[in-house]
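I opened this model to look up a few things and wrote down what I found. The entries are in the order I made them.

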Amino acid sequence: MDDAHTVIWNRPERAAKGPAPSRTRAEITAAAIAIADAEGIDALSMRRVAKELGTGTASLYRYLASKDDLLDLMLDAVAAEDGGPPAPTGDWRGDLRTLAYRSRATIHRHPWMTSLAAGRPSLGPNSLDATEHALAALDPLGFDIDVMITVVDTLHAFVRGYAIGELAQQEAVRRSGVGNQEWMDAHAPYLDKVVKAGRHPLLARVIRDAELPHAADSAERGFELGLERLLDGWEANLPVRP
């Protein structure tokens with residue numbers, strides 16, 4: 001099987017023959033992450049990375065078979081930020097909670113992740129370590145392995161979905177120049193009509209009585225509330241009590 005059909009994790013960084021490479025995968029990956037962080041994933045190309053590194057585009061193919069290789073390296077690199085997953089503590093809720101908050105912070109640092117991480121799983125060494133850590137937190141609880149990996153996938157889906165909403169709201173503020181409170185104030189007369197019309201009584205309760213949507217720390221509190229309800233649901237279905 002040639003390099004184009006061998007996964008990046010199965011290929012040596014340096015070829016057995018030929019001159020020593022002038023760049024490392026880590027250097028190429030760091031340059032790509034910097035571009036995606038600053039300008040978004042659509043700005044990323046092999047040509048752009050080569051320009052950032054001061055080399056020719058063709059030379060990058062000595063290190064990578066395709067742009068997909070580069071994307072795999074990027075996802076795996078950010079999985080190792082903050083020193084990688086901490087050691088399990090024996091508190092499965094605490095370990096999964098820490099994983100969720102760390103994952104959310106990583107997405108906020110690298111918004112481009114949301115368009116990549118929802119696809120095929122990242123199988124790089126750092127990503128495998130993170131998955132093993134999450135599974136290890138669940139292992140003593142008596143779930144079968146299918147339930148364990150589903151719990152991990154569901155946790156990641158919640159974090160990713162919540163973070164996407166946060167990033168979308170930030171983008172709406174940036175694009176419109178209208179802050180969240182100003183936006184709500186502008187919609188207040190319309191929502192008052194909605195409440196008085198009586199067609200949406202439960203939404204009317206949200207508008208009149210809900211405190212969370214109007215709180216200054218609504219994003220943090222909403223994330224905490226959603227995460228804790230997920231953990232509660234899994235705890236209620238434990239086969240074995242820790």
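**Entry 1: the record.** I noted before anything else that this is a predicted model. I looked up the UniProt record, an unreviewed entry, and it places "domain: HTH tetR-type" at residues 22-82. In the model, 66% of that span is helix and 0% is strand, and its end C-alpha atoms lie 28 Å apart. The unreviewed entry also lists a "DNA-binding region" at residues 45-64. I found 60% helix and 0% strand for residues 45-64, with 13 Å between the end C-alpha atoms.

**Entry 2: I35.** I found I35 in helix α1, which runs over residues 25-39. Is I35 buried or exposed? Its relative accessible area is 3%, so I35 is buried, as the cut-off for buried is under 20%. Leaving out residues up to four places away in sequence, I listed its contacts as G40, A43, L44, R48, V49 and E52. I also checked I35 against R199: they are 164 residues apart in sequence, and their C-alpha atoms are 49 Å apart.

**Entry 3: helix α7.** I wanted to check the length of α7, residues 125-138. With 14 residues at 1.5 Å a residue, the helix should span 20 Å, and the end C-alpha atoms are 20 Å apart, so the two values agree. I listed the buried residues of α7 as S127, H133, A134, L135, A137 and L138. Which helices cover them? I found α4, α5 and α8 among the elements that do.

**Entry 4: the rings.** I counted four aromatic pairs. In one of them, F158 and F223, the ring centres are 5.4 Å apart and the planes are at 25 degrees, so I wrote the pair down as stacked; the cut-off for stacked is under 30 degrees. F158 belongs to helix α8 and F223 to helix α11, 65 residues apart, so this pair links distant parts of the chain. F223 is buried at 0% relative accessibility, and F158 is buried at 19%.

Next I looked at Y162 and F223. Their ring centres are 5.3 Å apart and their planes are at 65 degrees, so this pair is edge-to-face. Y162 is in α8 and F223 in α11, so the pair ties together parts 61 residues apart in sequence. Y162 is partly exposed, with a relative accessible area of 22%.

I then noted that Y101, F158, Y162 and F223 make up one aromatic cluster.

Note on methods. Residues are numbered from 1 along each chain as its sequence is written. This is a predicted model: local features need pLDDT of at least 70, side-chain atom pairs count only at pLDDT 80 or more; totals for chains, interfaces and linings use all residues. Side-chain values use heavy atoms; hydrogens and water are left out. UniProt positions are given in the numbering used here, feature names are shortened, and annotations may be inferred rather than shown by experiment. Helices (H or I, at least four residues) and strands (E, at least two) are DSSP runs, numbered from the N terminus. The expected span of a helix is 1.5 Å times one less than its number of residues. Buried means under 20% relative accessible area, exposed over 50%, partly exposed in between (1.4 Å probe, protein chains only). Contact means heavy atoms within 4.5 Å. Rings of Phe, Tyr and Trp (its six-membered ring) pair if their centres lie within 6.5 Å; planes under 30 degrees apart count as stacked, over 60 as edge-to-face and the rest as tilted.
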